[in-house]
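Welcome! Please take a moment with the sequence and the 3D view before reading on.

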Amino acid sequence: MEIVRVAGFAMTAAFAAAVIRRMRPEAGMGLALASGVMLLLVALSQVQIVADALRQLCDKAQLQPAYVRTLFKTVGICFLTDFAADVCRDVEETGLAQRVETVGRMLILAVAAPVLASLLGKLLELAP
């Protein structure tokens, strides 16, 4: 199972980073950051599987491709925002982490705005 390898890698990297951080804080942080990037790459390797499954569902539901793209962009923004904010917190920059999260939320609203406008337009068409 993939999650067993991921969890094992993460725990090993966390332990190694904690030990190294005592001797050289910057090296420990670098190891933690590099490990996080490697884990993110593992997650990204699964995106195609999820994308194919969602495309099949959307085809069956006869959804427009623009909605599927918006969904993927939104999920991508969520994951990357969370990752960047966590890295900021790891280096004890909580203020910067909060700003990253705020920008992420605004980007999600910007990406979703056309879909929301389309939905509102459809609702207005149905209203008497």
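Below is a short tour of a helix pair, the cysteines and one glycine.

## About the model

This is a predicted model, in which local features need pLDDT of at least 70, side-chain atom pairs count only at pLDDT 80 or more, and totals for chains, interfaces and linings use all residues. Residues are numbered from 1 along each chain as its sequence is written, and side-chain values use heavy atoms, leaving out hydrogens and water.

## Two helices side by side

Let us start with helix α4 (residues 65–90) and helix α5 (residues 94–126), whose axes come within 8 Å and cross at roughly 175 degrees. Helices here are DSSP runs (H or I, at least four residues), and axes are lines fitted to C-alpha atoms over the stretch in contact, with angles from 0 to 180 degrees between N-to-C directions. The two are therefore roughly antiparallel, a label for angles over 145 degrees.

Where they meet, with heavy atoms within 4.5 Å, the α4 residues include Ile 77, Cys 78 and Cys 88, and the α5 residues include Val 100, Gly 104 and Leu 107.

## The cysteines

The structure holds 0 disulfides, a disulfide being a pair of cysteine sulfur atoms within 2.5 Å. The sulfur of Cys 58 is 17 Å from the closest cysteine sulfur, in Cys 78, too far for a bond. For Cys 88, the nearest cysteine sulfur is that of Cys 78, 16 Å away.

Cys 58 is buried at 10% relative accessibility, and Cys 88 is buried at 11%. Buried means under 20% relative accessible area, exposed over 50%, and partly exposed in between (1.4 Å probe, protein chains only).

## A glycine in α1

Gly 8 lies in helix α1 (residues 2–23) and is partly exposed, at 27% relative accessible area. Gly 8 and Val 42 are 34 residues apart in sequence and 13 Å apart in space, C-alpha to C-alpha.

Definitions and conventions. Angles under 35 degrees count as roughly parallel, over 145 as roughly antiparallel, 65 to 115 as roughly perpendicular and the rest as oblique.
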